Amino acid sequence: MAEIRLENLRHSYLANPGADEDYALKRLSLTWQDGGAYALLGPSGCGKTTLLNLISGLLTPTEGKILFNGRDVSHASPEERNIAQVFQFPVIYDTMTVYDNLAFPLRNRQVPEAEIKSRVTEIAEMLELTSTLSNRASGLSADGKQKISLGRGLVRADVNVIMFDEPLTVIDPHLKWKLRSKLKELHQRTRRTMIYVTHDQTEALTFADQVVVMNLGEVVQSGTPVELFEKPQHTFVGHFIGSPGMNVLPCEVNGGKAQFAGRTIAVDNGAAATGKGRTEIGVRPEFVSISRGGLPAEVTRVSDAGRFRIVETRCGGHMVKLLVKEGDTVPEGQTHLVFDPAHTQIYEDGWIAGAKP
Ligand code: ATP
């Protein structure tokens, strides 16, 4: 397994790129530690596949370096990089048995049969495929086939990294949660470096210890699921992660104080705010509550989300959402809102004040 370092990586599909917009991957520097569980999360078109293909060697970066354990592999072939990849759709041989499918990557590398048997048995057990080992793969469901694909990615002990590219797309929704937690368990048991690419926040947050969030070809935040929830570095992360996403409200900033709806709002990062550019307050619905003396608001809609209600209000001319726990009183009509100061941040041009790169 390997530590993967990306240094000032940029990629453009154009022959002579100039402006920032010409780059599918704008500029990226980060380190993925040996043995870590990482997710690459972002909407369609943000550059996830481009980054994956740069790491696996299918693309050569326009600028910057990729290092595996300190060795520059930016121009090395995919074979030299020694990566296992699991794709969106199962890549298996229908006419072979499940056992032979799992053994295939090892046989390709002339691993002795005795070792193959022990590896295949172990992986089959982890993925609950033992009872199907002698069956033809063609008879399996889409879920079963994708499990084989996962197994083929996991079976080799000598790879530098295992990359999963939206691996649960074809999985039946009610089985998704099961395979999701299975993958997490597999990482904990094997401690391989794993990179999981997805546009689904639940998959990313369940699987990874560290999530890299991308938007428009750049990394907007790399952090633990808790960091992404509690301190989004960019309003995009606030919107994209969480359900519902963070409230983002235009505000004025004077002398480190935020003004919204004609009042001064206590915030966590006032001292870092410059007041320049587009200034906004970000506060998650989890950190908005009802309190007399707070900002006047009017309840416009209430929806049930299981263990809590999502309450939509109109406040200072903007929509502000809050969560009310099951059993707590749901406000009606006119009400008053307060934002928890420890979880209310000022954003400037989208970035949390004080952290603009
Ligand atoms: P998806 O989840 O839809 O696959 P993604 O996050 O993986 O999206 P990429 O496929 O990496 O995003 O695309 C990033 C940008 O690069 C997009 O604007 C896309 O149109 C562009 N792009 C991707 N592949 C090529 C290509 N071969 N030639 C030109 N532009 C490309």
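The following conversation works through why parts of this predicted model carry the labels they do.

Biologist: How is the protein divided?
Modeller: There are two domains: domain 1 covers 4-230 and domain 2 covers 248-346. Their C-alpha centres lie 39 Å apart.

Biologist: Why is His187 called buried?
Modeller: Its relative accessibility is 3%. Buried means under 20%, so His187 counts as buried. His187 lies in helix H6, residues 173-190.

Biologist: What does His187 touch?
Modeller: Leaving out residues up to four places away in sequence, His187 touches Gly35, Gly36, Ala37, Arg192, Met194, Phe207 and Asp209.

Biologist: Why does Thr300 count as partly exposed?
Modeller: Its relative accessibility is 48%. Exposed needs over 50%, and buried needs under 20%. Thr300 therefore falls in between and counts as partly exposed. Thr300 sits in strand S16, residues 288-304.

Biologist: Which residues are in contact with Thr300, neighbours within four places aside?
Modeller: Glu312, Thr313 and Arg314. As for Val288, Thr300 is 12 residues from it in sequence and 16 Å from it in space, C-alpha to C-alpha.

Biologist: What makes the Tyr93 and Phe104 rings a tilted pair?
Modeller: Start with the distance. The ring centres are 4.9 Å apart, and the limit for a pair is 6.5 Å. Now the angle. The planes stand at 50 degrees. Stacked needs under 30 degrees and edge-to-face needs over 60, so this pair is tilted.

Biologist: Where do Tyr93 and Phe104 sit in the chain?
Modeller: Tyr93 is in the loop between strand S6 (83-86) and helix H3 (98-107). Phe104 is in helix H3, and the two are 11 residues apart.

Biologist: Why are Phe164 and Phe207 called edge-to-face?
Modeller: Their centres are 6.3 Å apart, which is within the 6.5 Å limit. Their planes stand at 65 degrees.

Biologist: Which residues of the largest nonpolar core touch the most other members?
Modeller: Val120, Ile148, Phe164, Val211 and Val213, in a core of 47 residues. Take Val120. Not counting residues up to four places away in sequence, Val120 touches Tyr99, Leu102, Ala103, Leu133 and Val155. Apart from this core lies another, of 27 residues, among them Leu6, Tyr38, Val161 and Met214.

Biologist: What makes helix H1 mostly covered?
Modeller: Eight of its nine residues are buried. Among them are Leu51, Leu52, Leu54 and Ile55, along with Lys48 and Asn53. H1 spans residues 48-56. Gly57 follows, with a positive phi near 95 degrees.

Biologist: What makes S11 and S21 edge strands?
Modeller: The open sheet has four strands in the order S11-S15-S20-S21, with antiparallel pairing. S11 (247-250) and S21 (351-352) each have a single partner strand, so one side of each is left without a neighbour in the sheet.

Biologist: How do you know that S20 and S21 pair?
Modeller: Two bridges join them, and they run antiparallel. Pairing needs at least two bridges, so the pair qualifies. Glu348 stands opposite Trp351 in S21.

Biologist: Which strands pair with S1?
Modeller: S4 (residues 63-68) joins S1 (residues 4-11) through five bridges, antiparallel. Ile4 has Phe68 as its bridge partner in S4. S2 (residues 25-32) also pairs with S1 in the antiparallel sense, over five bridges. There, His11 stands opposite Leu25.

Note on methods:
Residues numbered from 1 in each chain as written. Predicted model: local features only at pLDDT ≥ 70, side-chain atom pairs only at ≥ 80, totals over all residues. Heavy atoms only, no water. Core = buried A, V, L, I, M, F, W, Y, C linked by side-chain atoms within 4.5 Å. Buried < 20%, exposed > 50% of the residue type's maximum accessible area, 1.4 Å probe, protein only. Contact = heavy atoms within 4.5 Å. Phe/Tyr/Trp six-rings, centres within 6.5 Å; stacked < 30°, edge-to-face > 60°. Domains from an automatic or database assignment.
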